[in-house]
Structures are given as C-alpha cells and as structure tokens.
Amino acid sequence: MSLQKSAFHGSGSDHTADQPIKPARHPWRWVAIAFVALLAVMFVHTLMTNPRFEWPIVAKYFTSGTILLGVRRTLELTAIAMLSGVGLGVLLAVMRLSPNPVLSSASWLFVWFFRGSPLLVQLLLWYNLSALFPDISLGIPFIGPDFVKIDANVLITPYLAALLGLGLNEAAYSAEIIRAGIISIDHGQTEAAQSIGMSRGRLLRRVVLPQAMRVIIPPLGNDTINMLKMSALVSIIAVPELLFAAQTIYSRTFETIPLLLVAVIWYLIVVSVLSVIQYYIERHYARGSSRSLPLTPLQGLRKLLGFGPRGRPALPDEKRSAA
Amino acid sequence: MTVQAEDPAPGIMMQAAGVRKSFGTLEVLKGIDLVVRQGEVMCLLGQSGSGKSTFLRCINHLERIDYGRIRVDGELIGYKERGGYLREMHEQEIARQRVHIGMVFQHFNLFPHMTALQNVIEGPIGVKRENRDEVVERAHGILKRVGLSEKVNAYPRQLSGGQQQRVAIARALAMRPKLILFDEPTSALDPELVSDVLDVMRDLAESGMTMIVVTHEVGFAREVADRVVFMADGEIVEQGKPADVIGNPSHPQTRAFLSKVLV
C-alpha cells in the first residue's frame, strides 16, 4: 500500500499534485528572433537610406494615369483569363472523366499541348496567327460557302491574342486541378445522390463540385496569383498592362528602378488582396468539413490578445492563462 | 416459389425474376426470384459475399444486371422491353424511377456540406420540384419523427453515427418512396447506437412502409420482419417466417450462418 503510494507520487512529496504545471522553455527561439529582427532592421535601413531607390519618383508615378490604366488592364486580363480558363477547365475535366474514349482523349490532347509548351511561345503564336491563317471564316467545312470571313490581322488584336494565350493555358492547368477535385470525392456521394433521383448535371453541381471545391480552391488560388504575374508576359506582344506601362515610362525617362518598383508594389498589393479573398472563399467551402470553422484572422488576433472571440465564452485554458 | 415475370399481381411492390449478375468471371447472383408485397418488411440475411447487397443495389439499378427482370410497382427497372431483348434506359429515365425507391447506405453517405435539414429537402426541392415551404415543414416533421428535431441545423460531421443514419433515413423518407432499401444500415455503427436506428426502422415498419433490409441484426429480423430470406453463394437458399427460418433453419448454410451470429 505504502509502496504503491510513493511510486505514484514519484518524488514522495505530498504537495506535488497541487504544484502548477509550466510549459517548456525555448531559449533558441529568442536567438532566432534576434537574428531575424537584425536582418529586418538592416533591410528597412537600406530601403530608407539608399538614394537610388528614388522613392519620390516611385510616389510620383505610383498613381499616374498610365500606371493605373496598366493595373486595370492587368486585372482585366487576369479576371477574364481565369474565368474563361476555369470554365473551359470544368468542361475539360468532365470530358476527361467521361466514359467516352474520344471525349476523354480530346481533353487529354488539349492539356498535353497547352500545358506542354511554354506560355511565351503560345502568346507569340497567337499574336502571329495571321501568318498561318490570313483569313478566318465561319462556314460549312471543305465544301460550303463561308458565312463570315474576317482578316486575321483585324480579328486577332494583341489584346485578344493575350486572352487566348493566357486563357487556354489556364484551361489546361485548371482542368487537371478540377479533375483532381472531382475524383477526390467518395463514390458513396454519387450513389446517395443517384438514389434520390438526381441527374448527372445536378449531381455535379450540387454534390460533387461544392465538396471538390475544398481541394480545388487552394491550387486555383495559386493559379490566379500566378496568372496575375504571368500576365506581365503579354508586354512582349505590346498589350499595355502594368509592366508594359512601367516600361513605356522608363524608356522615356530612364528611371528604370523606381518604375519597376512601382510595378512590383502594385503586383504585391493585388496579390495581397487576392490572398485575403482566397482565405474567405476557402472558409466558405469548409462548411461541414470540421466540427467548427477555423477562426478568421480578426478573431484569431482577438484571441491572441486575450479577449476571446465574441459570442463564445472563453475556454477554461484561456481563463487560466489570462489570470 | 414460382414467379410470373410479366403481369405483376396487384399488391406486389417488388418482383425479381431470374436475376443474374457477374463481376468479371465471378457470378454473384445466380438467378434470384423474389417477391415483396406492399407493406411487407423483408430481411435479407447471409454471409458476406453471398450477394445480398449486390441484389439490393440492383433493385434501384445502382448495379446493372445481366439477365432477368426487376419490377418495382409493376414498372421494369433500368431497362425497356424491346422485341426479344431489354435495352438499358437513359440516365434521366433511371433517375426518374429512383425517385420512388429510397435507399439507406451502410456508411450513411450524407452530403457533408449540407445541414441535416438541407440533406432532407435536397431531393424533394431539387429533384421533385416541390414547393419549398411545404417541403421544409414536412422535413421538420420527419426529423422530429426520427428523434432529431434538435439537430436540424447540424452538419453531418457534428452528429454521431446513429444520428447520421437517422438523417439518412429521413432523407429517403422525404421523397415519399414506395419502398426503402436498407443496405446494412447498422453495420458501421458503434454497438450502443444501433438501437436508435433500429427503433426508427421498427417505427417505419409499423407505419406500413415496404422495406427490404440487408442486415446482420438477426434479433431485428426476428422481431420486425414479415419474411426472412437467406442467401448463400448468389442464391436464395431458404425463406419464410422469421420464426421458422431463424428459429428452425432447414438448410445447412443457414444453420452455419446463424450459429456464427447468434453466439
């Protein structure tokens, strides 16, 4: 009896059970913090003291008309290319999963070509399409008359060439992302939906895709951010997007670094906004995926500061740490 | 029991005649003849691999059959009669038939991104195009009937297995089906949750619902079933009143099975 008791208490002290329990110490964390802080200070110092950054010039052009028009054009290109790319991507993914071998191979071939060749080359090809097809016409193939006939040089503007290049490339990538999302859903979901008489289309729309979104959104968000930056490539075919706008100004004024900084800052701002949007879209599709939704950053900050999220009483461990 | 494949008699809800099916070279159903009358509760017993779940899944055409015919309420399921052969229906036609055949799965298969209520109303509103307010009211009633009026707005992952299965039963009921197929509805449940689901099924049976239940719950079969069918190796080897088949099995396979599950 006494042996058991002392073995249970370990040290033999009668007060052990009442002593407070403290977390482990981490001295190296403080060293790492000091090191990173030093690097950060050095970085901010050079930003502020190196005159060649020419911040006044950055400020001067940051909201200039040309640059703002470039930002708008970049956003437009990204949005249209992503929307059409993802739309086509859904179609390609469904085709790829179709039992029909012709549809599935056609989808595979599309992805093979547009994922397999460099985007820059694709853009140049679209831009120079008129060299391959001087006229583009709509009519009955091989035999019939043409209903519409357009000069390719008129139809394929640099802007349309950019959209075709970016959009079709995105379609190939998003097709694979969406396919991965669709096949990640348990087959039991399909059977349950079929058992209540759902059609294929509704099954995809109401049951499979909403669940697949959890898998689809993170890589698609990645693609959107990538697309925003890849859209700078179309400056090569003279589409006046953000980089092209910056280039037109510095080719005149030779203030190269400040204008590239203007472009970089704008890209970063837009990417930051996109990341926040992505976070909330992910949160939306997390419905029902865990027992409770994760906190939003705002709620997390409040919890960190010890207030606890609104509308929920603090958990026992929060109370203890606050005391 | 002989079954007329054509011209089903009134009062017959499900009629299978000569149903055969193979997966590759393995024949899992070797000619099933079975009749289930309106309001009847039939329990299908048998070892794993005896073909009972496959047969159940043929009744709402989740599985294709190779030979034979299955009729529900007189209507041929999944196929159309042509002169001398059967042609598989288009998906939309099969979907229309499935509206009348409820199904409850072993792993519940609730839609995890929808609340209990949304799971229940999805079919009547989205598929049958019924009036939303009426359906929501009816769904509340059904969820109350299965003992889940408190959990209307809970997501499936916030519910226990037994609660999820009861939502799944409610989802099937909301379609106002002619019969409900249960595919081992309690096999994935913790033992202490089984009785909640069985109680709901017993209540359904008493209300006159036609039910075909694949189960290992011999106690439930004995108490609730009007008829017990025992399957082995893709064939029906014995059927009759539960007291006879379970209490006094004549076929050696039935005896072997019961001695295992009734320990």
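Modeller: Fine. Keep in mind that this is a predicted model.

Biologist: Start with the chains. How many residues does the contact take from chain B and from chain A?

Modeller: Chain B gives 26 residues and chain A gives 21 residues.

Biologist: And how much area do chain B and chain A bury between them?

Modeller: About 2,200 Å². Carbon and sulfur atoms carry 52% of that.

Biologist: Which residues in chain B lose the most area to chain A?

Modeller: B:F111, B:H113 and B:R157. Together they make up 25% of what the chain B side buries.

Biologist: How many salt bridges cross the interface of chain B and chain A?

Modeller: The rule finds 4 there. A:R206 forms a salt bridge with B:E122. Their closest N and O atoms are 2.5 Å apart.

Biologist: And how many over all chains?

Modeller: A search of the whole structure gives 25 salt bridges. One example is in chain A, where the side chains of A:R73 and A:E76 meet at 3.7 Å, N to O.

Biologist: How far apart are A:R73 and A:E76 in helix α4 of chain A?

Modeller: They sit 3 residues apart in that helix, so about one helical turn separates them.

Biologist: Stay with α4(A). At what angle does it cross helix α5 of chain A?

Modeller: Roughly 130°, and the axes come within 7 Å. Helix α4 covers residues 65-97 and helix α5 covers residues 101-116, both of chain A. At that angle α4(A) and α5(A) are therefore oblique to each other. The crossing is left-handed.

Biologist: Which residues make that contact?

Modeller: From α4(A), A:L88, A:L92, A:M95 and A:R96. From α5(A), A:L103, A:S104, A:A106, A:S107, A:W108 and A:F110. The contact of α4(A) with α5(A) divides into 7 nonpolar, 2 polar and 1 charged.

Biologist: Now another pair. How do helix α3 and helix α13 of chain A pack?

Modeller: At an angle of about 60°, with axes 9 Å apart. Helix α3 is residues 55-62 and helix α13 is residues 256-285. α3(A) and α13(A) are therefore oblique to each other. α3(A) passes α13(A) in a right-handed crossing.

Biologist: What residues are in that contact?

Modeller: α3(A) brings A:W55, A:I57, A:V58, A:Y61 and A:F62. α13(A) brings A:P258, A:L259, A:L261, A:V262, A:I265, A:W266 and A:I269.

Biologist: Polar or nonpolar?

Modeller: The contact of α3(A) with α13(A) has 12 nonpolar residues, no polar and no charged.

How values were computed: Residues are numbered from 1 along each chain as its sequence is written. Chains are lettered from A and ligands numbered from 1 in the order in which they are written. This is a predicted model: local features need pLDDT of at least 70, side-chain atom pairs count only at pLDDT 80 or more; totals for chains, interfaces and linings use all residues. Side-chain values use heavy atoms; hydrogens and water are left out. Axes are lines fitted to C-alpha atoms, for helices over the stretch in contact, and angles run from 0 to 180 degrees between N-to-C directions. Helices (H or I, at least four residues) and strands (E, at least two) are DSSP runs, numbered from the N terminus. Angles under 35 degrees count as roughly parallel, over 145 as roughly antiparallel, 65 to 115 as roughly perpendicular and the rest as oblique. A crossing is left-handed if the near helix is turned anticlockwise from the far one by less than a right angle, and right-handed if clockwise. Contact means heavy atoms within 4.5 Å. Ala, Val, Leu, Ile, Met, Phe, Trp, Tyr, Cys and Pro count as nonpolar, Asp, Glu, Lys and Arg as charged, and the others, Gly among them, as polar. Buried area is the accessible area (1.4 Å probe) that two parts lose on being put together, summed over both.
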